[in-house]
Amino acid sequence: MKALEWQGNHLLILNQTRLPFEQQFRKAESYLDVADAIKKMEIRGAPAIGAAAAYGFVLGALEYQGKDEDLSEHLKEVRIVLEGTRPTAVNLFWALRRMENKYRELQDLEDREKISEGLLEEAHAISEDDRKMNKLIGEYGNEVVTDKANILTHCNTGALATAEYGTALGIIRTAQSSGKKIHVYAGETRPVLQGARLTAWELLQEKIPHTLITDSTAGYLMQQGKIDMVIVGADRIAANGDTANKIGTYALAVLAFAHEIPFYVAAPTSTIDLKISSGAEVTVEERDGAEVRFFAGIRIVPEEVDVYNPAFDITPSKYITGIVTEKGIISPPYSVNLVKMMVK
Ligand code: MRU
């Protein structure tokens, strides 16, 4: 199950808006195609967005027909368009910065084909790095998963949200394959239902025991003592550990805190943004009200009903037990330990 795959001269994107019942692919042949797929959430999840944007940058270089001396200007425009797709996940900006840096290294080459080849190598490296980071996150995270744990997760952080394997779901995968008899509660994740449509689908394929719940069931389950830990992903982690993630994450963190349940965030260091000191500086994406006014294509409220539809929320770091990265598990105080970890 791969969210994206480079196929010679185009990027094949599995359209996640159609899952789980239809496996429809988009053949993205231009950077504008990639941008459109990210905007429409055909591809989503912070690391997968970053990987897709990197290939979008390659397509931008490949499709350029103008004068050599104007290539830099064109790629600047490509970067602006790709960065404009979704504002919250920092992996998008991180991956495009990597691509831009690679281009700077290559730009003096005479041969335009060589430039594109070098850029493609960098895009492949971004995906490969993500794969490796996820495996390590799985191993570190597994250290805090107890046998027979009931784990609550939110949104989709699996193979579909990354280059492969997953972050929070990667830990769950590793725990299961290490022989632990875990059980997962997957929150459905209104309004786009990544938990119901994607996470439950991934868990089903991996034969990991799981139960789907509505988002509002989480508190009741905790009250009954049925959740041992919560593991979620992240779209951006500020220098003080505040974490932007799918809307609903904050509520889960507060509930977990009230019930003294460990709450872990799993993310590669490409999701850590030391340039912002706290979650207050994160731009939270607001999406179209139609996502809420309709359910599975059926209108459930009149058009005139006002809707507020933020795609993410910010969990203050005081609610976070640990941040699992490919370099290890970071514990509070995050303002000190995040920086220490990043320079390691
Ligand atoms: O709007 P989405 O589906 O892109 O949001 C995804 C999430 O919030 C994930 O939890 C996060 O990106 C981590 S994915 C490994």
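The structure is a predicted model, in which local features need pLDDT of at least 70, side-chain atom pairs count only at pLDDT 80 or more, and totals for chains, interfaces and linings use all residues. Residues are numbered from 1 along each chain as its sequence is written, and side-chain values use heavy atoms, with hydrogens and water left out.

Helix H2 (residues 46-62) packs against helix H3 (residues 71-83) at an angle of about 150°, and their axes lie 10 Å apart. Here, helices are DSSP runs of H or I with at least four residues, numbered from the N terminus; axes are lines fitted to C-alpha atoms over the stretch in contact, and angles between N-to-C directions run from 0 to 180 degrees. H2 and H3 are therefore roughly antiparallel (an angle over 145 degrees). Ala53, Gly56, Phe57, Gly60 and Ala61 of H2 meet His74, Leu75, Val78, Arg79 and Leu82 of H3, where contact means heavy atoms within 4.5 Å.

H3 also pairs with helix H4 (residues 90-106): their axes come within 10 Å and cross at roughly 170°, so H3 and H4 are roughly antiparallel as well. On the H3 side, the contact includes Leu71 and Ser72, and on the H4 side, Leu92 and Phe93 are among the residues involved.

A pocket is an open set of points on a 1 Å grid, where a 1.4 Å probe fits, with protein on both sides within 12 Å along at least five of seven lines; lining residues have an atom within 4 Å of a point. Of its 19 lining residues, Thr17, Val192, Arg197, Ala296 and Gly297 are the closest to the centre of the pocket.

Key: Helix = DSSP H or I, 4+ residues; strand = E, 2+ residues; numbered from the N terminus. Parallel < 35°, antiparallel > 145°, perpendicular 65-115°, else oblique.
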